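This report is for a reader new to the structure. Please look at the sequence and the model below before reading on.

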Amino acid sequence: MKKVTAALGMLAVLVAGCAGISDDSAPASSTLPDESAGWRRIVPASPDCMCGDGSEYSFFERPGDPSKVMLFFEGGGACYSAETCDPNGNPTYSVGIRKGVDELAEGTGLFDAANAANPLADHTILYVPYCTGDGHLGNIRTAYSPDVVMEHRGWANTTAVLDHLVDSYPAAVQVVVSGESAGSVPTPLVAGVVSDRLPDAEIVTFGDGSGAYPDLPVINESITSLWGADGAIPDWPESEGQTGWSVPGLTVRAGLHDPDITFARFDFAFDGIQADLVGPLDIGPDQIPGLIDATELQIETSGTPLAAYVAPGNSHTIISNDDVYDLEVEGVRLIDWITALVDGDVPPDVHCVDCER
């Protein structure tokens, strides 16, 4: 029980589809009038879409080249108990939609459309907010107490975004599936689903800040039972006989399902948030680099190639930070490495030799 409690506690620092409505004549979503610098907010029509407290869910779109689309999954906490999920208490997740079009229009990191070095500057972007405390993977209503009932509907919300992707950009030739922190966890799974729905598109994943999350039953089972995350995994032939899921296991499953997907990820070697997450399982901060390397080995041993970039330091994520343009490790600039991915190449791994904090 101690280990289970520890596993649930560590979810609190994990920071960082909707079924169609029965009336076929009704729109799948509606675009609201609030727009800024090309961004617009979209509200799915299905009643299955919602934040964890049952409030309205929406996602954001910045139209660009319709043949190239980036899906970005936001990070922002997790919850696992009445105390951590109570929106009126001290929740350990983002209760509602945190960002609006004005904030997104500031365009930092890979959202900066004016930066000539940004390989995603002309991509259409679908920004997927995170307000369900379940790593975008949940599909269940969980009553943590009579007064705290959590709608873990992350996968329902994700499916609504995928519906919009397929309906609005059916001729996309490239889809980049990215995310940071908790938002990087579902990226390989989403990539596999996109490959099913847009089979002619080139698919690239780039996860930011979740490489150290280990494949341990105490973690996997806890997330499955509380969040219903097992319902997010498609019934792929390659998954026959497999039960449950794990963070590295999602890449393994998606890679077996579609070997043509390019999988890539970024981590800081001593990521402080990931260190806090695994700390309750008696895993010290000094073991984080080893965990990052071990999950990469697990994935690649399964036969799924993974391009990895590991930088020194204890920061957490970089995609939405302007540091993405300045970081260089072992003579390789991160932005050049990402550009190679977007251009259709699989760049060699980059790993700090002196991975000081």
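## Helices 5 and 7

Helix 5 (residues 187-197) packs against helix 7 at an angle of about 20 degrees, and their axes are 8 Å apart. Axes here are lines fitted to C-alpha atoms, for helices over the stretch in contact, and angles run from 0 to 180 degrees between N-to-C directions. Helices (H or I, at least four residues) and strands (E, at least two) are DSSP runs, numbered from the N terminus. Helix 5 and helix 7 therefore count as roughly parallel to each other; the classes are under 35 degrees for roughly parallel, over 145 for roughly antiparallel, 65 to 115 for roughly perpendicular, and oblique for the rest.

The crossing of helix 5 and helix 7 is left-handed. Pro188, Leu189, Gly192, Ser195 and Asp196 of helix 5 make the contact with Leu250, Thr251, Ala254 and His257 of helix 7. Contact means heavy atoms within 4.5 Å. A crossing is left-handed if the near helix is turned anticlockwise from the far one by less than a right angle, and right-handed if clockwise.

## Basis of the model

This is a predicted model, in which local features need pLDDT of at least 70 and side-chain atom pairs count only at pLDDT 80 or more, while totals for chains, interfaces and linings use all residues. Residues are numbered from 1 along each chain as its sequence is written, and side-chain values use heavy atoms, with hydrogens and water left out.

## Other helix pairs

Helix 7 (residues 247-257) also packs with helix 9, at an angle of about 25 degrees and with the axes 9 Å apart. These two helices are therefore roughly parallel as well, and helix 7 passes helix 9 in a right-handed crossing. Pro248, Thr251 and Val252 in helix 7 meet Thr295, Gln298 and Ile299 in helix 9.

Helix 5 has a further partner in helix 4 (residues 154-168): their axes come within 11 Å and cross at roughly 35 degrees. The crossing of helix 4 and helix 5 is right-handed. Residues of helix 4 that meet helix 5 include Trp155, Leu162 and Leu165, and those on the helix 5 side include Leu189, Val193 and Arg197.

## Glutamate 300

Glutamate 300 is in helix 9 (residues 288-301). With 34% relative accessibility, glutamate 300 counts as partly exposed; buried means under 20% relative accessible area, exposed over 50%, and partly exposed in between (1.4 Å probe, protein chains only).

Neighbours within four places in sequence aside, glutamate 300 is in contact with Pro305 and Leu306. A polar atom of the glutamate 300 side chain lies 3.1 Å from the backbone nitrogen of leucine 306.

The largest nonpolar core has 106 residues, and Leu71, Leu165 and Trp337 have the most contacts inside it. Such a core is a set of buried Ala, Val, Leu, Ile, Met, Phe, Trp, Tyr and Cys residues joined through side-chain atoms within 4.5 Å. Apart from residues up to four places away in sequence, leucine 165 touches Val69, Leu71, Leu126, Pro170, Val175, Val194 and Leu198.

Helix 10 (residues 334-342) is mostly covered, with seven of its nine residues buried. Among them are Leu334, Trp337 and Val342. Just after helix 10, glycine 344 takes a positive phi of about 100 degrees.

## Threonine 132

Threonine 132 sits in the loop between strand 5 (123-128) and strand 6 (140-145). At 1% relative accessibility, threonine 132 counts as buried. Beyond four places in sequence, its contacts include Met50, Tyr93, His152 and Asn157.

Key. A polar contact is a pair of N or O atoms within 3.5 Å; within protein, one must be able to donate a hydrogen and the other to accept it, and residues adjacent in sequence count only if both atoms are side-chain atoms.
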